[in-house]
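Hi everyone, thanks for making time this morning. Please have a look at the model on the screen, and I'll talk you through a few places in it.

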Amino acid sequence: MKSPARGRAYGVDRAPYAFLVPAIVLFLLFFALPIGYAVWLSFRKVEVSGLGLGAGARAEVWAGVENYTGALSDSELLNGALRVLGYGSIVVPVMLGLALMFALMLDSERVRLTPFTRLAIFLPYAVPGVIAALLWGFLYLPDVSPFYFVLDKLGLPQPDLLDGGPLYLALSNIAVWGGTGFNMIVIYTALRAIPAEVYEAARLDGATPLQIALRIKIPMVAPSLVLTFFFSIIATLQVFNEPTTLKPLTNSVASTWSPLMKVYQDAFVKGDIHAAAAQATVIALATLVLSFGFLRAANRRNKQDDSQGAVR
C-alpha cells in the first residue's frame, strides 16, 4: 500500500510531463508530421501508363533518390540560391548594423523619449510581410510613387528600382525596414541586463561613452548578436513574401526568383508535388547545416575567448 506522501511525490513528478503534453501534441501534428510527410513524398513519383487516361493510368511509385538528383542538378533552383545569397549579403549586415546602432543609441543616458523611439523603431516589424511588400512596391512604381513625383519636379534622375541591380536593393530595403526593430529589441534587452556597476567602473577609469560602447557593451551583447544573426540567416534563406508580392509589378522578378518560389511553382503550378518535396527537403537541410555550422563556429570562438581570458 502506497503511503500518502509517496503518492503526492509521484503526482508531483508526473506534473511537468502533463504540462508538456499539449506542446508535444502540437509539435507532432504541425511540425514533425508535415516534415515526415514531405520527406516521404520526396521519395515517390507519379508513373503514367499509356495516355494517362482512365482509372489506374497514373500510379504513385517509389522513386528512390531520383527527385533529389533532379533537385541538385536543377539550374533554376541553383540560380535562385545564388540570388538569395546576394540578397542576404545586403540584408543581414545592414539590418544587424542598424539594430546594434539603434540599441546603443537607446541605451545612452542622453537619449530622450526612449519608450516612444523604441516603439517607433519596432513598429514596422508588426506590419505583415505581404502588406509591407505591397506598400513599398507602390512606392517603387514610377507612375504612383510620390518620391518619383518629387524627383521629377526637382529635375533629378529617377532610377528604376524594380529592374536590374537596384531590384536587390529594393527587396533588401523591405526586409531591413521590417526586421531591424525586432533585432534591436533583442540587443537592447541584453544591454539593459548589463549591471550598472560595470559602466560606473569604466567611467571611473576614464573611459569615454564611445570606448564603453566598443569595449564593454558590444562584447557583452555578443551572444545576442549571434542569436539575431542566426535568425537572420534562416529568414534570408526562406525569403518568399517580398519577391512574390513584387512579381506582378515588374518583369524582373521571375516565378523562380528564390528557392522557395521554385518549390511553390513546381508544387502548385506544375503539379509536381514530389519534386517540390525533394527541393523543400534540400532547402531545409541546407538551412540546418548552415545554421548549426555558424552556431558551432560561434561557440568555438567563445570557448577560445574564455580560455584566453582565463590564462590572462
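Let's start at M220, which is partly exposed because its relative accessibility is 42%. On that scale, buried means under 20% relative accessible area, exposed means over 50%, and partly exposed is in between, using a 1.4 Å probe and protein chains only. M220 is found in helix 9, residues 209–220. Helices here are DSSP runs of H or I with at least four residues, strands are runs of E with at least two, and both are numbered from the N terminus. The C-alpha atoms of M220 and R110 are separated by 21 Å, and these two are 110 residues apart along the chain.

A quick word on what you are looking at: this is a predicted model, where local features need pLDDT of at least 70 and side-chain atom pairs count only at pLDDT 80 or more, while totals for chains, interfaces and linings use all residues. Residues are numbered from 1 along each chain as its sequence is written, and side-chain values use heavy atoms, with hydrogens and water left out.

Now to the rings. How many aromatic pairs does the structure hold? There are 14 aromatic pairs. Rings of Phe, Tyr and Trp (for Trp, its six-membered ring) pair if their centres lie within 6.5 Å; planes under 30 degrees apart count as stacked, over 60 as edge-to-face, and the rest as tilted. Take F229 and F294: their ring centres are 4.5 Å apart and their planes are at 45°, so this pair is tilted. The pair links distant parts of the chain, with F229 in helix 10 (residues 222–237) and F294 in helix 13 (residues 273–311), 65 residues apart. F229 counts as partly exposed at 27% relative accessibility, and F294 is partly exposed too, at 24%.

Another pair is Y264 with F268, where the centres are 5.2 Å apart and the planes at 45°, so we call this one tilted as well. Y264 and F268 are four residues apart in helix 12 (residues 259–269), which means about one helical turn separates them. Buried or exposed: what is F268? F268 is exposed, at 62% relative accessibility, while Y264 is partly exposed at 43%. Also in helix 12, there are buried residues, including M261, V263 and A267. Just after helix 12, G271 takes a positive phi of about 80°.

One aromatic cluster is formed by F43, W62 and Y68.

Finally, helix packing. Helix 3 (residues 75–106) and helix 7 (residues 166–192) pack at an angle of about 40°, with their axes 7 Å apart. Axes are lines fitted to C-alpha atoms, for helices over the stretch in contact, and angles run from 0 to 180 degrees between N-to-C directions. Helix 3 and helix 7 are therefore oblique to each other; under 35 degrees counts as roughly parallel, over 145 as roughly antiparallel, 65 to 115 as roughly perpendicular, and the rest as oblique.

Helix 7 also packs with helix 10, at an angle of about 165° and with their axes 9 Å apart. That makes helix 7 roughly antiparallel to helix 10.

Last stop: L162 sits in the loop between helix 6 (146–154) and helix 7. L162 counts as buried, at 3% relative accessibility.
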